[in-house]
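The following briefing sets out selected features of one protein model for computational work. Please consult the sequence and the structure alongside the text.

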Amino acid sequence: MTESEILRRIDHTLLKAVATWEDIEKLCEEAITYKTASVCVPPSYVKRIHNKYGDKINICTVIGFPLGYSTTKAKLTEVEQALADGANEFDMVINLTDVKNGDYDKVTEEIRTLKKAVGTKVLKVIIETCSLTEQEKIAMCKAVTEAEADFIKTSTGFGIGGATLNDIRLFKQNIGKNVRIKAAGGIRSIEDLEAFIGEGCDRIGTSSAVQLFRSQEAWDEK
């Protein structure tokens with residue numbers, strides 16, 4: 001797998017609460033140079049990025065992040081603001097309390113509501129696999145499929161664990177044919193990137209992919 005084939009599947013990510021505008025500019029410049037799929041950034045930076053870079057960059061942001069237990073109305077307001085600010089992709093966190101209470105229909109309806117709001121733009125649904133049982137993961141595969149979201153995503157990267165290959169395999173067995181897969185959390189080597197893409201991930205959320213390839217290029221030049 002070539003460097004460009006991997007990078008075009010990367011959501012180049014910076015979601016730290018203390019990320020400065022200088023940090024975000026660096027992220028965006030790297031994304032443009034290395035032709036990543038998007039930058040994934042805090043909602044508060046979406047408009048500023050859009051104003052500076054316009055169509056040069058695909059902006060992804062997060063909704064209900066990172067805990068997911070804000071109300072549907074609050075998440076919908078976040079989506080509407082991010083749309084107005086220039087975001088094209090939205091990574092929403094499900095309400096894990098609803099999952100633990102067995103209110104799977106409520107989760108499905110929330111996803112459906114946000115997908116209706118984003119329309120033809122991309123909605124990715126973060127289910128935080130490290131907090132779920134296998135049965136709950138399968139139920140969330142069904143919820144994401146029924147709500148017609150574009151992606152199921154493993155993790156926020158802020159939980160107690162990140163993506164695993166076993167979870168990707170479980171997703172493939174239980175999602176609908178129109179749902180794609182995004183892995184995030186703990187993916188920190190080129191071998192990891194290749195493994196997750198090889199298992200069927202269309203997107204990888206990571207802050208380290210560009211640096212990994214820069215390091216590899218520097219090593220190759222020695």
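At 59% relative accessibility, E148 counts as exposed, where exposed denotes over 50% relative accessible area, buried under 20% and partly exposed in between (1.4 Å probe, protein chains only). The model is predicted: local features need pLDDT of at least 70, side-chain atom pairs count only at pLDDT 80 or more, and totals for chains, interfaces and linings use all residues. Residues are numbered from 1 along each chain as its sequence is written, and side-chain values use heavy atoms, with hydrogens and water left out.

**Confidence**

- The mean pLDDT of the chain is 96, and 97% of its residues reach 70 or more; pLDDT is the predictor's confidence in each residue, from 0 to 100.
- Confidence is highest in β5, at 99, and lowest in helix α10 (residues 209-221), at a mean of 73.
- Helices (H or I, at least four residues) and strands (E, at least two) are DSSP runs, numbered from the N terminus.
- Where pLDDT is low, the predicted coordinates should not be read in detail.

**Backbone features in loops**

- E148 is found in the loop between α7 and β6 (151-153), and although it is not a glycine, E148 has a positive phi of about 65°.
- E128 is likewise not a glycine and has a positive phi, of about 50°.
- E128 lies in the loop between β5 and α7 and is buried, with a relative accessible area of 5%.
- The loop between β5 and α7 also holds T133, which counts as partly exposed at 41% relative accessibility.
- The C-alpha atoms of T133 and A87 are separated by 32 Å, the two residues being 46 residues apart along the chain.
- F65 and P66 are joined by a cis peptide bond with omega about 0°; P66 is found in the loop between β3 and α4.

**Helix α3**

- Within α3 (residues 46-53), the buried residues include V46, I49 and Y53.
- These residues cover an arc of only 70° around the axis, which puts them on the same side of α3; the arc is that of the directions from the helix axis to the C-beta atoms.
- An α-helix has 3.6 residues a turn, so residues three or four places apart point the same way.
- The cover over the buried residues of α3 includes α2 (21-34), β2 (38-41), β3 (59-63) and α4 (72-85).
- G54 follows α3 and has a positive phi, near 55°.

**Helix α6**

- Helix α6 (residues 104-118) has 15 residues and reaches 21 Å from its first C-alpha to its last, close to the 21 Å expected at 1.5 Å a residue; the expected span is 1.5 Å times one less than the number of residues.
- V107, T108, E110, I111, L114, K115 and V118 are buried in α6.
- Seen down the axis of α6, its buried residues fall within an arc of 160°, so they line one face of the helix.
- D105, K106 and K116 are exposed on the other side of α6.
- Among the elements covering the buried residues of α6 are β3, α4, β4 (89-93), α5 (96-100), β5 (122-126) and α7 (134-146).
- α6 is followed by G119, whose phi is positive, near 65°.

**Nonpolar core and buried contacts**

- The largest nonpolar core has 61 residues, and those with the most contacts inside it are I49 and I111; such a core is a set of buried Ala, Val, Leu, Ile, Met, Phe, Trp, Tyr and Cys residues joined through side-chain atoms within 4.5 Å.
- α2 supplies the largest share of this core, six residues.
- Leaving aside its neighbours within four places in sequence, I49 is in contact (heavy atoms within 4.5 Å) with W21, I24, C28, V41, G54, I57 and I59.
- T61, placed in strand β3, is buried with a relative accessible area of 0%.
- Apart from its neighbours within four places in sequence, T61 is in contact with residues including V41, P42, P43, V46 and D91.

**Cysteines**

- The structure holds zero disulfides, a disulfide being a pair of cysteine sulfur atoms within 2.5 Å.
- C40 is in no disulfide, and its nearest cysteine sulfur, that of C60, is 3.6 Å away.
- C40 counts as buried at 1% relative accessibility, and C60 counts as buried at 0%.
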